[in-house]
Amino acid sequence: MLQKPKSVKLRALRSPRKFGVAGRSCQEVLRKGCLRFQLPERGSRLCLYEDGTELTEDYFPSVPDNAELVLLTSGQAWQGYVSDIGRFLSAFHEPQVGLIQAAQQLLCDEQAPQRQRLLADLLHNVSQNIAAETRAEDPPWFEGLESRFQSKSGYLRYSCESRIRSYLREVSSYPSTVGAEAQEEFLRVLGSMCQKLRSMQYNGSYFDRGAKGGSRLCTPEGWFSCQGPFDMDSCLSRHSINPYSNRESRILFSTWNLDHIIEKKRTIIPTLVEAIKEQDGREVDWEYFYGLLFTSENLKLVHIVCHKKTTHKLNCDPSRIYKPQTRLKRKRPVRKRQ
């Protein structure tokens, strides 16, 4: 339970009204919401309006203040509008033109209140400054950020770089755990990784919508989709988010995990340490471990809900731990002519 109440905006699925509610726990907000909307508390639950993520007591502290929630009763479901917006946007090269006109026409013809609200939300979101990039173009997006951040892409690059740097710091803490003989080799491997990370600008391009297609994890408009769980073909809940759209989405995006398929702390780093200790004349393939620790080869962007459902791999590829040893060809003895 939180020490300070968290304020949220709450709406019911079949109600046009929206209220501010504060509570120290998910259950307290749910109870107050049911009283406000005169709904039965039994069987009811809360989810994020943006993407339909169901709230739990563990997840509640990470929800941003003033986040918009939907109160669902037994049998009701809400998938959120973000995934639908993402697919809709992908159909338009310039979504601010055709998309808005199409959604406006649909809104005029739509009679169902729930679909009317969804289309209205769609129009609201695409009409925001998603395309805006600088602090001058969209000041509310930058609220709470240091003045040194002057562009959305710049801040999100920094956000990604910070995550990668934290992985590097974790690896850097291990030389002291190996013996004196292995320390020198460990520091050599670490130095090679650091040099490559600097040349790649700590792979900050993964969160930069302006980067080239192969080096980013989002669409050119800034839409990210959940890449987990790893043991399934695709995210069952179809979570998507555009942190470039508004301040709330930017904050919510910080709860998504840049997660390792092969587990970092339990597998990759211990395997690297053991490989250095036991190399016995062989050369550790540091580029293989670099790929596992710091690149999208082994890093996937995962919504917090899918992160909890993910089964990580606990084995590195034994054939790639050391570099292949080159075999010297034996020279055949020259036959003497008789």
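The buried residues of helix α8 are covered by elements that include α5 (152-172), α6 (180-199), β7 (257-260) and α9 (286-294). In this predicted model, α8 comprises 14 residues, 264-277, and spans 18 Å from its first C-alpha to its last, close to the 20 Å expected at 1.5 Å a residue. The residues of α8 that are buried are Lys264, Thr267, Ile268, Ile269, Thr271, Leu272, Val273, Ala275 and Ile276.

Taken as a whole, the protein chain contains 10 helices and 8 strands, and buried residues account for 49% of its 338 residues. Of the contacts in the protein chain with a separation of 6 or more, 66% are formed by residues 24 or more positions apart.

In soluble globular proteins, nonpolar side chains tend to be buried together. The largest nonpolar core of the present model has 74 residues, of which Leu46, Leu55, Met193, Phe207, Phe224, Leu258 and Phe294 touch the most other members. At least three residues of this core come from each of domain 1 (6-79) and domain 2 (152-306). Apart from this core lies another, made up of 6 residues that include Leu13, Cys47, Val70 and Leu72. The surroundings of Phe224 can be given in detail: when residues up to four places away in sequence are not counted, Phe224 touches Tyr206, Phe207, Leu217, Cys218, His239, Ser240, Ile241, Pro243, Tyr244, Phe253, Trp256 and Leu301.

An open sheet is formed by 4 strands in the order β2-β1-β4-β3, with mixed pairing.

Strand β1 (residues 6-12) runs parallel to β4 (residues 68-72) and is joined to it by 4 bridges; Lys9 has Glu68 of β4 as its bridge partner, while Leu10 stands opposite Leu69 in β4. Strand β3, by contrast, runs antiparallel to β4, again with 4 bridges joining the two, and here Arg45 has Leu72 of β4 as its bridge partner. Because 5 of the 5 residues of β4 are buried, this strand is largely enclosed by the rest of the structure. Both of its faces are covered, with Glu68, Val70 and Leu72 buried on one side and Leu69 and Leu71 buried on the other.

Helix α1 (residues 26-37) lies across β1, β2, β3 and β4, and runs at about 145 degrees to β2. Within α1 is Glu28, whose relative accessibility of 18% means that Glu28 counts as buried, the cut-off for this class being under 20%. Apart from residues up to four places away in sequence, Glu28 touches Ala22 and Gly23. A separation of 9.7 Å is found between the C-alpha atoms of Glu28 and Pro5, which are 23 residues apart along the chain.

How values were computed
Residues numbered from 1 in each chain as written. Predicted model: local features only at pLDDT ≥ 70, side-chain atom pairs only at ≥ 80, totals over all residues. Heavy atoms only, no water. Core = buried A, V, L, I, M, F, W, Y, C linked by side-chain atoms within 4.5 Å. Buried < 20%, exposed > 50% of the residue type's maximum accessible area, 1.4 Å probe, protein only. Domains from an automatic or database assignment. Contact = heavy atoms within 4.5 Å. Pairing = 2+ DSSP bridges. Axes fitted to C-alpha atoms, helices over the stretch in contact; angles between N-to-C directions. Expected span 1.5 Å × (residues − 1).
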